[in-house]
Amino acid sequence: VTTRRFALPALWETHRHEWCPQTAVAGGLFAAAWAGCAVSWLGTSASGVRASSAWWCMPDMAPSRGGHASLYSVLHHELPTYLLMIVAMTLAGVLPAAQYVAVNSFRRKRSALLCAFFAIYLLVWLAFGTSMLSAIATAHLGPGPDALALALILAASYELAPFKRWALNRCHRTARLPPSGMRGALAVGRFGWVNTSGCVASCWASMIAMFLAGAVQPLVMVGTSAAMTYGRMARQPDRARRRIAAAYLVAAMVALSVGV
Amino acid sequence: MGNILTAAQDPIFWLHHANIDRIWAEWSGAFGAHHEDPQEASWRGQTFSFFDEQGHQVTMSCDQVLDTSVLGYEYDTQSAATPAATPKVAAVSPPARELVGATDEPVPLTGQSVTVSVPIDARAAEPFGANIRVYVNVEEIQGEANPGSSYGVYVGVGAAAPPDQQAENRVGNLSFFGIEQAQNPAGDAPAHTLQSSYEMTSIARQLEAVGKWAGHDLLVTFEPMALDATEDAAPGEVSTANHEDNPVELGRISVFYDA
């Protein structure tokens, strides 16, 4: 008889080698998303279309492209790229939850339930991205060292806020998953909502920093991705939050002093 | 003893854990066969901080306390010391787990005997290879506080089964130690739920032999354990297992193959 604590970070550490084909595919998508982001960035850098202050993933909003674009234009052109970035930045953190769905379903139902889980995951992040991009476009916010530093200070402060701990707990929560049928699908959908909304509530401040990074967005994207994944996976989340907050503050000082 | 925040203040806590330490030491070298400890770095490297007899904080990892002789003591019931075996990687190869059955609805426990039917999926449970071990899991155990009652867990029999048959089908006990802190853990730990696992391979083999395994319902019974009152006990002196005012929910009962 074994009785144990059961949380997603522990699941990741104990069973991270038990990948089923579907979660391996998700891992492949994660790698492909990063490759896509890298290709996109290298391509735009080589073409010289964007100035150093341009917004890598939001060309229509970049100051070098003639000011701020319409809300429609932003949503139309940026959401696909935004989704690529989201997959690259957050999929590693969500893989333990996907594996939890895979392990707790019948083999023949696994693919369908994982598709339902990832659909909810993308929809929640899409809703967040739409809201953020709309807000940024409406407010005529632009990237720059000051904006980036402020966003990083906000992210550091949020790391130490009690609500962040609540959001992380939501990320770590497991759920009762009926193995098949409509109840199973609904339960997986609910689990996807709880897990992803917890991730959004946990990482929104870091994402704002990424939005406002300007020319150093690839660098900020890598850094915030690492911080978000570490914060989500750490077995000692409070210690991880303190470390991430310190790193964000250092990054804010660097952004101000270097002026990127 | 039943509350994770105060358990260490109860002397029986220390007797209990010293006994676990003794059982572990005996198991490690029992019957001339050296049982191997887990090799996972996450388990071996897990650290715990405590205070020594001088009040100094000491931090040690699991790896440092596996061999009692290194710590300066041995149990007189311990079998002759066995040389530490070279870890065999094959012995800790990852298991291939497959879900073969689970309940759809949560099960409330309030101190009464409860029998649950777990549908064993016909397609998922076949083939039932010879190397497969079978486990019944009680998952997503949640409650406000430890009700102070434990339950015997029986597989393949209902509550009305004869006592001798019940005894054969008992796979273990279910307790709720730590349930208060699961969703809001003290200290720097992630929120979690409780889960218990019980091996039931031999019972599953018996059910398969009589054609009552794949495609059939598996009965899982939770029987509250209560102290019997002596004749001279005053009314109310012995508490009952009833905890209707402090229910516990078992989120899911599942059955897994582990090859």
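Visitor: What share of the 259 residues of chain B counts as buried?

Guide: In chain B, 36% of the 259 residues count as buried, where buried means under 20% relative accessible area, exposed means over 50%, and partly exposed lies in between, using a 1.4 Å probe and protein chains only. This is a predicted model, in which local features need pLDDT of at least 70 and side-chain atom pairs count only at pLDDT 80 or more, while totals for chains, interfaces and linings use all residues, and side-chain values use heavy atoms, with hydrogens and water left out. Residues are numbered from 1 along each chain as its sequence is written, and chains are lettered from A and ligands numbered from 1 in the order in which they are written.

Visitor: How many helices and strands make up the secondary structure of chain B?

Guide: Chain B comes to 4 helices and 11 strands, these being DSSP runs numbered from the N terminus (H or I of at least four residues for helices, E of at least two for strands). Among its contacts (heavy atoms within 4.5 Å) between residues at least 6 apart in sequence, 73% join residues at least 24 apart. Chain B also exposes about 14,300 Å², of which carbon and sulfur atoms supply 55%, the areas coming from the Shrake-Rupley method with a 1.4 Å probe and, for residues, with only the protein chains shown counting as cover.

Visitor: What puts the buried residues of α4(B) on the same side?

Guide: Helix α4 of chain B, residues 201-209, has B:T201, B:I203, B:A204 and B:L207 buried. They cover an arc of only 160° around the axis, so they lie on the same side of α4(B); the arc is that of the directions from the helix axis to the C-beta atoms. The buried residues of α4(B) pack against several elements of chain B, including β6, β9 and β10 (217-225), and just after α4(B) the residue B:G211 takes a positive phi of about 70°.

Visitor: Why is α6(A) described as largely enclosed by the rest of the structure?

Guide: Of the 11 residues of α6(A), 8 are buried, and therefore the helix is largely enclosed by the rest of the structure. The buried residues include A:K164, A:R165, A:C171 and A:H172.

Visitor: What makes the pair of A:R183 and B:D104 a salt bridge?

Guide: A salt bridge is a side-chain nitrogen of Lys or Arg within 4 Å of a carboxyl oxygen of Asp or Glu. The closest N and O atoms of A:R183 and B:D104 are 3.8 Å apart, and the pair forms such a bridge. A:R183 lies in helix α7 of chain A and B:D104 in the loop between β3 (97-102) and β4 (107-109) of chain B, so the pair joins two chains. A:R183 has 45% relative accessibility and therefore counts as partly exposed, as does B:D104 at 30%. A search of the whole structure finds 12 salt bridges over all chains.

Visitor: Which residue forms a salt bridge with B:D63?

Guide: B:D63 pairs with B:R44, the closest N and O atoms being 2.6 Å apart. The pair links distant parts of the chain, 19 residues apart, with B:D63 in the loop between β2 (57-61) and β3 and B:R44 in helix α2 (residues 41-44) of chain B.

Visitor: Why is B:R44 called buried?

Guide: The relative accessible area of B:R44 is 19%, so B:R44 is buried, whereas B:D63, at 42% relative accessibility, counts as partly exposed.

Visitor: How do you know that B:E199 and B:R133 form a salt bridge?

Guide: The closest N and O atoms of B:E199 and B:R133 are 2.9 Å apart, and the two form a salt bridge. B:E199 in strand β9 (residues 193-199) and B:R133 in strand β6 (residues 133-143) of chain B are 66 residues apart, and the pair links distant parts of the chain. Salt bridges that share partners also join A:R107, A:R110 and B:E98 into one network.

Visitor: Which residues have the most contacts inside the largest nonpolar core?

Guide: They are A:F117, A:F118 and A:W125, in a core of 65 residues. Among the helices of chain A that each supply at least two residues of this core are α2 (21-47), α4 (107-139) and α7 (181-211), while α3(A) gives the most, with 15 residues. A second, separate core of 37 residues includes B:I132, B:F176, B:L207 and B:A214. A nonpolar core is a set of buried Ala, Val, Leu, Ile, Met, Phe, Trp, Tyr and Cys residues joined through side-chain atoms within 4.5 Å.

Visitor: Why does A:V258 count as exposed?

Guide: A:V258 has 55% relative accessibility and therefore counts as exposed; its place is in helix α9 (residues 237-258) of chain A. With A:V250, A:M253 and A:V254, A:V258 forms a nonpolar patch on the surface, with about 370 Å² of accessible area together. Patches are made of residues with over 30% relative accessible area and no salt bridge, like charges being joined within 9 Å and nonpolar side chains (Val, Leu, Ile, Met, Phe, Trp, Tyr) within 5 Å.
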